[in-house]
Amino acid sequence: MTTPVLSARHITFSYTDTTVLDDVSFEIESANIVAVIGPNGSGKTTLLKMLNATLFPDSGSLVIAGRDTKRWSRRQIARTVAIVPQETPAVFPFFAEEIVLMGRFPYLRSLAFEDRADYRIAREAMEQTDCLAFAHRRFTELSAGERQRVLIARALAQEPKILLLDESTVFLDLKHQARFLSLLRRLNRERQLTVIFVTHDINLAAQNAHRLLLLYNGKKYAIGTPADVLTAENLREVYDVAVGIDQNPHDGSHRVTLLT
Amino acid sequence: MFAAISLASLGVGAIAIAPQDVLSALLGALAGQELSASEDLILFSVRLPRILFAGVVGASLSVSGVVFQALLRNPLADPFVLGISGGSALGAIVAIVIGASAFYLGLPFLAFAGALATVFLVFIVAGGPRGVLLDNSLLLAGVVVNSFFSAAILFALSVVDSLELHSISFWLMGDLSRASLAEIGGSALCLGVCFALLYAQARKLNLIVQGEETALQLGVNVRATKYILLAVTSLVTAVAVSFAGIIGFIGIMVPHMMRLVYGSDHRLLLPAAALFGASFLVAADTVARTALAPSELPVGVITALCGAPYFIFLMRRKERR
């Protein structure tokens, strides 16, 4: 049994008067790919913000790599956990490459410029996400899908042990979705990268994740393999929909079909 | 470029001195030669200090503009528009009225207090839920705070005896002519120290521009960085205002032009804005003291005359996007 890279213990969190997460506990083992699913407002994004320590639980604790997130310094956490946000405000015209190089911030001393190794890591990340072609274009001028690939490259340049994704495939076209998903699986295999992604696409989750975490009204409804979590009863209870479930003939994964 | 503009500015004035004479006078002075008394007086006692001072003030205001724009992620922000300059001026005038300016550093200190109070006030007025700053409400807050301060300044002026009135109102529109050598040295020192502090945060500024949450995720201690930056820029602004009065719009124009030329990386942007801001204000001040020679215009008139249209142009372009 491997030690968990991340464990949440009785996490509770509220914004002023609405409880968003209510006594959530789970563990994620190293080098797993985990999908977080659940209806709108079930607390997925808030949970993600806890995992990279931009929010902290009101009560309970979140331990990453053996240490409570409250006790990490910002730079330490940024070397361990990277997130690809849904979108990012782009007011000032930075070059795409500059944005990716920002992923190297947690490794640099405060007055140093990026050195050759940083550039190499950034370029490698851009190659992996197919961004090199527009490395020297302004981020503000890129399409939504291209921006997303730049942000993915920035997260990879952080060389994290845990990668968080918040609906990171929505703007990608089919080709780049396929490239990105196989990149994730490869990094997961070769570098033991732990991936935690939030998505509304249940089949995407079933095809790519080792484990699913299903949230409902701020509570952990279920966690386990796709076969455990994606049952017709669970989905009816949580999403209030009728579904048919069978095996995907192409990869043997669990397949959910919405019955309308 | 700063050197060239300064050189040109040295020569221009109510009494023109040819550029080659200026150059030879400067070189001669360096070599220890005696100058004719009148040239010596004009060049070294009147124009050179004033040019240096204009450079310091221009650099201060431009650098403040860069930092405010980055912190607020709004290319229309600057110490003048946000009311910080007005706050400093009010602080300075209060110092004059209550006589605190007689004490050592009393005037810049109260100006600094005024600047900090304004930052605080603007953030409260413009703050949305959970400390999120709303884009347009910020500029609105600046307008409100600014008009409040002008009223307060007018009130303070009406209590002051009329002899000082002319000089204060001249100073309010930006006046680079009255700084003493000690004040010039002090503000240059302050600018140097503050610039070093700001420059050390340049890369963090790059990240903060990407959004505070992103900056947090990439390893920046956002809250602490923000407080440091706000305090330091307020100090730079306050010092510039307390010795030179309110000179508007430099903090918008210069950073914007520099972004067009050098891109958005603050490690380049900060020094570029400092140098160009210095050159710009020297040029503007040269125009101010020569346009109606032998009488002078407040330099703030010149910068506002170029700056206000530029601001409108920027704002309209932003809206179209």
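Among contacts in chain A between residues at least 6 apart in sequence, 66% join residues at least 24 apart; two residues are in contact if their C-beta atoms, placed from the backbone, lie within 7 Å. This is a predicted model, in which local features need pLDDT of at least 70, side-chain atom pairs count only at pLDDT 80 or more, and totals for chains, interfaces and linings use all residues. Residues are numbered from 1 along each chain as its sequence is written, while chains are lettered from A and ligands numbered from 1 in the order in which they are written.

Chain A has nine helices and twelve strands, which are DSSP runs numbered from the N terminus (helices H or I, at least four residues; strands E, at least two). The C-alpha trace of chain A spans about 55 × 40 × 40 Å along its principal axes.

Chain B touches chain A through 21 residues, which meet 21 residues of chain A. Helix 9 (202-209) and helix 10 (212-217) of chain B each give two or more residues to that side.

Within chain B, the axes of helix 9 and helix 13 (residues 266-290) come within 8 Å and cross at roughly 110°. Axes are lines fitted to C-alpha atoms, for helices over the stretch in contact, and angles run from 0 to 180 degrees between N-to-C directions. The two helices of chain B are therefore roughly perpendicular (65 to 115 degrees). B:Ala202, B:Arg203, B:Leu205 and B:Asn206 in helix 9 meet B:His266, B:Arg267 and B:Leu270 in helix 13.

The table sorts residues by class: Ala, Val, Leu, Ile, Met, Phe, Trp, Tyr, Cys and Pro are nonpolar, Asp, Glu, Lys and Arg charged, and the others, Gly among them, polar.

| Contact | Residues by class |
|---|---|
| Side of chain B that touches chain A | seven nonpolar, nine polar, five charged residues |
| Helix 9 of chain B with helix 13 of chain B | three nonpolar, two polar, two charged residues |

Note on methods: Angles under 35 degrees count as roughly parallel, over 145 as roughly antiparallel, 65 to 115 as roughly perpendicular and the rest as oblique.
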